[in-house]
There are 2 protein chains.
Amino acid sequence: MSQPARRPTLKDVAAKAGLSVMVASYTFSSPDRVSAASRARIQAAAAELGYRPHRAARTLRTGNSGLIGVVVSEHLSYAFRDPGATQFLAGVAEVCAAAGKGMVLLPTSAHLDPAATITAADIDGYVFWTTAPDDPTLAEAVTTGLPIAIQGGPAIEGTTCISIDDRAAARAVSAEALHGAERPAVIAFPTDPARQPATASLTAITAVLPVTQARLDGIRASLKDAHLDPAQTPCLILSENNRTRAQGAAKELMEQHPATDAIICMSDEIALGALTYLNQQAFDIPEKVSLTGFDAIPEALDRGITTIKQDLHEQGRLAAGIALGDTPGNASLTWELHISGTTRQRRL
Amino acid sequence: MSQPARRPTLKDVAAKAGLSVMVASYTFSSPDRVSAASRARIQAAAAELGYRPHRAARTLRTGNSGLIGVVVSEHLSYAFRDPGATQFLAGVAEVCAAAGKGMVLLPTSAHLDPAATITAADIDGYVFWTTAPDDPTLAEAVTTGLPIAIQGGPAIEGTTCISIDDRAAARAVSAEALHGAERPAVIAFPTDPARQPATASLTAITAVLPVTQARLDGIRASLKDAHLDPAQTPCLILSENNRTRAQGAAKELMEQHPATDAIICMSDEIALGALTYLNQQAFDIPEKVSLTGFDAIPEALDRGITTIKQDLHEQGRLAAGIALGDTPGNASLTWELHISGTTRQRRL
DNA sequence: CTGTTAGCGCTTTCAA
DNA sequence: TTGAAAGCGCTAACAG
């Protein structure tokens, strides 16, 4: 009878090589401490047995796991739907891959205990995608004392916030939408987790996510800059950052406010949906209606949307670095106004 | 002097509650074994100390980690770029979230040791996204003896392949493209990892990925069904499943073969790129040129592309279930031909 | 229902 | 350069 299949351990390897467990251990963790001859014997034995280091045992002993935890909002699957999140996470993935680290997408949902979530894996650091200041999962993560990077804020003690100045950028891009406009409107991100779609006056709105709030503030500022009244500016709040919904919202907007001559969209995803509707209806863009987005996703650039360029991919790389233990440099993140075909020229 | 901060252990909790370690352990793992009174005392002590179970220790002891490993091709960031992968992974994510399991995206790249990759985390099962039969990472995963689900194949001993009959589906959708066509062409996925773009006759092509090969075979079969010659059918091979590249390929195709009257695209992503070009050039679709895709991603449905519906999201759910230990049911996966505006009507 | 004992596989510590 | 011992935090297996 052969032995029942059992995963070989260092002990097995050592026995096979006729050396002590420690020589085997050193061979994998600090090869230089071992003589070349011993090293070779251990390696041969390991190969023959199909030995593989046991990660959990190593983690238990050393205290780190080679994994970083990524937390993306309420629905994990959102990570694969939102184009911004997607770009950001691709950057995170790149750094993890280069460092040979794994990336754990942590499940989050209202009915899961945040503590359980955060503990669900042994993790060396966390990356959060845009969340609310009172996110319990975030609070839980902070108590671990591990490095935490948060894209888009909130800026919280014990974490590193990776974010451009959304307020300034939103102000700048809105200003482009507002050239020659008298009756602007806004299509906005959801303002709270419940995600009720709604229409309101711009002054009446506050948002839970810092990013959303900052962009709203920027838009309000640019309205004032242009001597327009936020209280008179309709704002459609979507239930999701999604181009199909945005298309519906644009329809609703133009039917209820047919004189609208500028649509400020809080993201390119929204702008793409609005653009589809406007094109279908053969609105003259930008002459009759101007349109702006935010984020400069490739498709928006292709379709000539005036928007804000920010490098979410690079931000992902940065965030991953911080989660892996880089000391957070104070490199302030840049954005750039990308003026294209959906806005009217600045009058000289 | 206060104690140096140390993460509290079960022992601390037990001591504080004046009970044994095991009562504390049971309180977390099988609460029913413990009297309500003890449970309450343990919970109170745990809360006060900020106790959190130590995952690695539990993993070391029990042998499972609550994590599943996801392997996506060469570039991890591809997981967040390809719309098909994205739908699939959203499904995986959903099941993981519901089960309270984490999802580890394992880094893979040519210069990383596959063994290291597979070992990079303690994992209870694997999900692979479409890979090649000789993928060394896959081979390594198989040696672990853990459950493995592979979307799109290869179908390999020791794994569960989650896939529709791509050949039959490709044959069916191509047949739609070919109604009334005499000079068809194909725009195809990359055929090998080196991903050289190329143009060739359809007969000359073989592909590394089973999915690609099956779709090619199906297309060839439908050409024969229609008494057309695969050897006369140009096939453009892309370097990436990407609509921008597909748009360029469509341009190249129509410039070099202006009489082309049907374009069979291996995915909706490709079809969307081709459609953009054809629309720009004001080709009459479907009268002058018909067009088909594959996968039924939402945008393709919106734009009226004739395509194959398959539920990648559901396949992701299935794959996750298998990786989490479900016994692979033999539910054969279905697909459905979705006929829309980009193909000519079948002649009666 | 509660407690004791042993040990998961590895690496730190210290000694040879 | 190598080795023996100890123990990381937890839970399976068995008593009581």
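How many nonpolar, polar and charged residues does the surface near DNA strand D have?

## Basis of the model

This is a predicted model, in which local features need pLDDT of at least 70, side-chain atom pairs count only at pLDDT 80 or more, and totals for chains, interfaces and linings use all residues. Residues are numbered from 1 along each chain as its sequence is written, while chains are lettered from A and ligands numbered from 1 in the order in which they are written.

## Surface near DNA strand D

The surface near DNA strand D has 12 nonpolar, 8 polar and 5 charged residues. Nonpolar covers Ala, Val, Leu, Ile, Met, Phe, Trp, Tyr, Cys and Pro, charged covers Asp, Glu, Lys and Arg, and the others, Gly among them, are polar.

Of these 25 residues, Ser20(A), Thr9(B), Leu10(B), His54(B) and Ala57(B) come nearest (near: C-beta atom, placed from the backbone, within 6 Å). Two or more residues each are given by α2 (21-29) and α4 (55-62) of chain A and by α2 (21-29) and α4 (55-62) of chain B (helices: DSSP runs of H or I, at least four residues).

## Surface near DNA strand C

DNA strand C is surrounded by 26 residues, the closest being Thr9(A), Leu10(A), His54(A), Ala57(A) and Ser20(B). By class, 13 are nonpolar, 8 polar and 5 charged.

## Packing of α1(A) and α2(A)

Helix α1 (residues 10-17) of chain A packs on α2(A) at about 110 degrees, with axes 8 Å apart (axes: lines fitted to C-alpha atoms over the stretch in contact; angles: 0 to 180 degrees between N-to-C directions). The angle therefore makes α1(A) roughly perpendicular to α2(A) (65 to 115 degrees).

Notes. Angles under 35 degrees count as roughly parallel, over 145 as roughly antiparallel, 65 to 115 as roughly perpendicular and the rest as oblique.
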